[in-house]
Amino acid sequence: GVLVPMLRQNGIATQILAHDHNYDLAEKATALMRAAGNLVDGTAWHAYGGHPRVLEDFVKEFPQHEVFFFEQTAHGQSNFGGDLGWALEH
């Protein structure tokens, strides 16, 4: 990894996020984080597949990394109250 050390050496504090995908691909995110180590600052997640409970083990293994939730969209006819409840749960 050349990019992250170069950014840091030049005083650029941009956070580098990995994964940027659904909960159902948590195994891939875990493998990526194990390989990347401190070259990434955290992971980005979408709520289109899987369940957020997979993050329980993930954050235990990588407590020094941040977790971001990037995408979660309702499709079709919506019910604001129901959609909000689902979003808060997931």
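Colleague: What is Asn22 in contact with, leaving aside its neighbours within four places in sequence?

Modeller: Asn22 is in contact with Trp45, His46, Ala47, Tyr48 and Gly49. Contact here means heavy atoms within 4.5 Å. Asn22 itself sits in strand S1, where helices (H or I, at least four residues) and strands (E, at least two) are DSSP runs numbered from the N terminus.

Colleague: And where do these values come from?

Modeller: This is a predicted model, in which local features need pLDDT of at least 70 and side-chain atom pairs count only at pLDDT 80 or more, while totals for chains, interfaces and linings use all residues. Residues are numbered from 1 along each chain as its sequence is written, and side-chain values use heavy atoms, with hydrogens and water left out.

Colleague: Why is Asn22 called buried?

Modeller: Its relative accessible area is 11%. Buried means under 20%, exposed over 50%, and partly exposed in between, with a 1.4 Å probe and protein chains only, so Asn22 counts as buried.

Colleague: What makes the pair of Tyr23 and Trp45 stacked?

Modeller: Rings of Phe, Tyr and Trp (its six-membered ring) pair if their centres lie within 6.5 Å; planes under 30 degrees apart count as stacked, over 60 as edge-to-face and the rest as tilted. For Tyr23 and Trp45 the centres are 6.0 Å apart and the planes are at 20°, so the pair is stacked. Tyr23 is in the loop between strand S1 (17–22) and H2, and Trp45 is in strand S2 (residues 42–46), so this pair links distant parts of the chain, 22 residues apart. Both Tyr23 and Trp45 are buried.

Colleague: How do you know that the pair of Phe58 and Phe62 is tilted?

Modeller: The ring centres of Phe58 and Phe62 are 5.0 Å apart, with 50° between the planes. That angle belongs with "the rest" in the ring rule, so the label is tilted. Phe58 is buried at 5% relative accessibility, and Phe62 is buried at 6%. The structure holds 4 aromatic pairs, and ring pairs link Tyr23, Trp45, Phe58 and Phe62 into a cluster.

Colleague: Which residues have the most contacts inside the largest nonpolar core?

Modeller: They are Ile16, Tyr23, Met33, Val40, Trp45, Leu55 and Phe58, in a core of 15 residues. A nonpolar core is a set of buried Ala, Val, Leu, Ile, Met, Phe, Trp, Tyr and Cys residues joined through side-chain atoms within 4.5 Å. Helices H1 (3–9), H2 (26–36) and H3 (55–61) each supply at least two of its residues, and H2 gives the most, with 4. As for Leu55, not counting residues up to four places away in sequence, it touches Tyr23, Trp45, Val67 and Phe69.

Colleague: Now to the charges. What makes Arg8 and Asp41 a salt bridge?

Modeller: The closest N and O atoms of Arg8 and Asp41 are 2.8 Å apart. A salt bridge is a side-chain nitrogen of Lys or Arg within 4 Å of a carboxyl oxygen of Asp or Glu, so Arg8 and Asp41 qualify. Arg8 lies in helix H1 and Asp41 in the loop between H2 and S2, so the pair ties together parts that are 33 residues apart in sequence. Arg8 counts as partly exposed, at 36% relative accessibility.

Colleague: How many salt bridges does this rule give?

Modeller: The count comes to 2. Besides Arg8 with Asp41, the side chains of Glu61 and Arg34 meet at 2.6 Å, N to O. Glu61 is in helix H3 and Arg34 in helix H2, 27 residues apart.

Colleague: Are Glu61 and Arg34 exposed or partly exposed?

Modeller: Glu61, at 36% relative accessibility, counts as partly exposed. Arg34 has a relative accessible area of 57%, so Arg34 is exposed.
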